[in-house]
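Hi,

Here is the structure I said I would pass on. Please open it alongside this message.

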Amino acid sequence: MKVLSRTLATVCAGVAVLAVAGCGGPNSTETPASKTQTQGLAAIDPCTLLTPEELKSYGFEAPGEPTSNTASEPGCRFNGRPFRATFYKNQEKTVESYGQQQGTWAKYDRLEVDGRPAASAVAEGSTQARICSALFDAGDGVIILTLSEFRDQGLDECAEGLKIAEAIAPRMPR
């Protein structure tokens with residue numbers, strides 16, 4: 001029985017290797033952009049939503065530090081001045097479903113970014129802390145950009161978040 005089990009395991013492993021080799025090998029016609037389109041947000045790394053040059057232009061320090069609110073919301077935190085930011089992705093929710101969370105938001109303004117449903121939102125309890133999130137739908141999920149001022153300088157973190165969302169959205173899957 002042991003020989004049969006080992007043989008079966010070896011055959012299964014061989015089939016798996018062949019299947020993987022057949023998908024995405026040198027002859028694959030799938031481009032990185034089409035791969036992102038078909039995988040939705042699964043292929044998106046929140047730490048790479050902005051290029052190093054873009055991070056610098058917004059005042060963020062690279063590299064970002066991976067972080068997560070929950071398993072379904074992986075993110076990346078960036079220090080910087082005048083803003084600090086955390087970028088998240090969530091493949092289980094949308095701008096609409098976040099907006100329906102009663103008692104969560106002090107402000108939830110529905111907008112459009114790159115022709116997609118979007119929102120500018122301030123969570124309850126975050127108004128004094130001057131923390132604002134820009135959200136937009138992408139790849140059957142949502143990208144969330146949360147910004148806070150390093151020191152209260154009277155800047156508009158909501159407007160800055162939307163500006164960054166407008167830069168990122170065209171590169172994201174629909």
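Below are my notes on the cores, a hairpin and one serine. Keep in mind that this is a predicted model.

The main core first. The largest nonpolar core has 27 residues. Phe60, Phe87, Phe136, Leu145 and Ile164 touch the most other members. Five elements each supply at least two residues: β2 (74-78), β3 (83-90), β6 (131-138), β7 (141-149) and α5 (157-168). The largest share, four residues, comes from α5.

Take isoleucine 164 as a way in. Leaving aside neighbours within four places in sequence, Ile164 is in contact with Leu50, Tyr58, Phe60, Phe87, Leu145 and Leu147. There is also a second, separate core of 10 residues. Among them are Tyr108, Ala121, Val142 and Ile144.

Next, the hairpin. Strands β4 (residues 105-113) and β5 (residues 116-123) run antiparallel and are joined by eight bridges. Two residues lie between the strands. In that turn, aspartate 114 has a positive phi of about 55°. Glutamate 112 sits opposite proline 117 of β5.

Last, serine 72. This residue lies in the loop between β1 (65-68) and β2. Is Ser72 buried or partly exposed? Its relative accessible area is 24%, so it counts as partly exposed; the cut-off for buried is under 20%. Its side chain makes a polar contact with the side chain of threonine 70, at 3.1 Å. Beyond neighbours within four places in sequence, Ser72 is in contact with Lys89, Asn90, Gln91 and Glu92. Lysine 93 is 21 residues away from Ser72 in sequence, and 9.3 Å away in space, C-alpha to C-alpha.

Best wishes

How values were computed
Residues numbered from 1 in each chain as written. Predicted model: local features only at pLDDT ≥ 70, side-chain atom pairs only at ≥ 80, totals over all residues. Heavy atoms only, no water. Pairing = 2+ DSSP bridges. Core = buried A, V, L, I, M, F, W, Y, C linked by side-chain atoms within 4.5 Å. Buried < 20%, exposed > 50% of the residue type's maximum accessible area, 1.4 Å probe, protein only. Contact = heavy atoms within 4.5 Å. Polar contact = N/O pair within 3.5 Å; in protein donor to acceptor, adjacent residues only side chain to side chain.
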